[in-house]
Amino acid sequence: MNITLLSGSPETIQTGTLVIGVFADGALPPTAQLLDAALGGRLASLVKLGEVGAEAGSTLVLHGPTGVAAERLLIVSLGKTQPLSEKAFRDALAGAGKALASSVATQACVILSDLAPAGRSPEWRLRHAARILADGAYRFDAPGKRRDAPKPPGAGEIGLLIEAPTTEELKTAAREGAAIAEGMALAKDLGNLPPNVCNPGYLAETGQALGKEFGFEVDVLERADLEKLGMWSLLAVGRASYSPCKLVVMHYRGGPAGAQPIVLVGKGVTFDTGGVSLKPAALLDEMKYDMSGAGSVLGTLKTIARLGLPINVIGIVPAVENMPGGNAARPGDVVTSMSGQTIEILNTDAEGRLILCDALTYAERFNPACVVDIATLTGACVVALGSHASGLFANDEPLAAELLKGGVDSGDRAWQLPLWDDYQVQLKSNFADMSNLGGPAAGSVTAACFLARFTKTYKWAHLDVAGTASIGGDAKGSTGRPVPLLSEFLLSRSQAT
Ligand code: BES
Ligand code: MN
Ligand code: ZN
């Protein structure tokens, strides 16, 4: 998608679709009033007639409107309550994005002048508008699916109409938004691909392809390398799969050579059967999304590399498939992790922590400024927070605050849960330094407490995205989260240096 900035009078803009936001009731915003005058009062009368849906994001199309240069007018509801909230802003743009993506018009202009939630800068508005509109155009081209009737291409050219003047800062903001959507699209593609395609080798190839495209170094560690490092915990998870385990390490060096890197670690279980502790059959296909943490790391690296952010970021993806089989790890097995700590595997379905602990130990060698891991780690997190917020845990409060802010600013929110030592007793084992199972209470917290035992030498945060990275039901698919949160976090880090 190509996104540009425009200024001028909306009624004179020649475009396929002109998008205008109006409240479902009450007064028209200033630019809508201008347009209404050109349209001879039609906009105001549509509002009066109740034609504009009460739900922000619902849309209405006027074909061949008289008085304006555009071929059609897409009227988007801003909801009922004024002034405009951030949620209504996002919902309105998402509604517009969806309508534009399936329209026959290949060109559109979105009037942003009226869309200004209180307390947000023009740069914020552009970054978000660009991201949401570009993300609205996302389509997954399923490799095996036959299409009888080709869908319209949608609007690939979108102009954002703002109050003059268009500055470099505003152009940059729009580019940032488009780059975040591009990162989300990669994360979504990886999640949506079937697990017989997106296996550990595929994640490694994706990392290598990114490195090639953007000119950064990528190392793929194979089983023999992982054995040499002593990653017996990670290797225990992947042992029964025909797809060999990989550790993908990506080095994005946008900052000064000596600057400590931010390390992102993403859980890459390309399919989670549970292993010998086999999961029930219902909804098991959705365990292809168990590599979403890895997808978000690859996606975020794509975003920051596209933008050339002046920071150093290392992406680490432990990639495995968790299968049962004659060679599989058993409940009761004791393994030695790379850190030297031993683990009694009481449940082979608590595999995420087993691969992450070794990847987190590996991260130490980079002398990181901080480490953030992203993982579809626990069903308990879905119970606690549902699909609205990712769970956040951290051993450093300023880092937690930064990530929470990245969530609020991007609308891709996280909520902090405790990491108190009080929970550590639940991980006691009679046969090893710890067990990988914390019992039925506070499952997300004990999973994070397990990881905390491997992250003592640096500032660390953990995002449990089990409820946010994908959705089930009719709209089943990857959401691309938490690429927006991570990108916002890295953008502000890059501005701080
Ligand atoms: N990948 C799952 C967590 C998950 C569940 C993600 C639902 C998305 C939706 C993870 O590996 C897992 O199986 N966790 C277990 C841990 C338990 C055995 C301690 C769980 O949550 O039940
Ligand atoms: Mn599992
Ligand atoms: Zn899992």
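Helix α3 gives the most to the lining of the largest pocket, with 8 residues. The structure is a predicted model, in which local features need pLDDT of at least 70 and side-chain atom pairs count only at pLDDT 80 or more, while totals for chains, interfaces and linings use all residues. Residues are numbered from 1 along each chain as its sequence is written, chains are lettered from A and ligands numbered from 1 in the order in which they are written, and side-chain values use heavy atoms, with hydrogens and water left out.

The volume of the largest pocket is about 1,900 Å³. A pocket is an open set of points on a 1 Å grid over the protein atoms alone, with protein on both sides within 12 Å along at least five of seven lines, and lining residues have an atom within 4 Å of a point. Its lining comprises 49 residues, and A94, D135, K188, I471 and T479 lie nearest its centre. At least two lining residues come from each of α3 (86–101), α4 (122–136), α5 (168–192), α12 (397–410), β19 (470–471) and β20 (477–478). Helices (H or I, at least four residues) and strands (E, at least two) are DSSP runs, numbered from the N terminus.

Donors are N, O and S atoms within 2.8 Å of the metal (3.2 Å for Na, K and Ca); water is not among the atoms, so sites may look incomplete. D272 lies in strand β10 (residues 268–272) and E351 in the loop between β13 (342–344) and α10 (352–363), so the pair ties together parts that are 79 residues apart in sequence.

D272 bridges the zinc ion (ligand 3) and the manganese ion (ligand 2), which are 3.2 Å apart. D272 is buried, at a relative accessible area of 3%, and K267 is buried at 1%. Buried means under 20% relative accessible area, exposed over 50%, and partly exposed in between (1.4 Å probe, protein chains only).

N322 is placed in strand β11 (residues 312–322) and counts as buried, at 3% relative accessibility. Residues in contact with N322 (heavy atoms within 4.5 Å) include D272, D349 and E351, leaving aside residues up to four places away in sequence.

The whole structure holds 2 cavities of 30 Å³ or more. A cavity is a set of grid points where a 1.4 Å probe fits but cannot get out. The largest cavity has a volume of about 70 Å³, a volume being the space filled by probe spheres set on the points, which are joined across faces, edges and corners. Among the residues lining the largest cavity are N322, T348 and E351.
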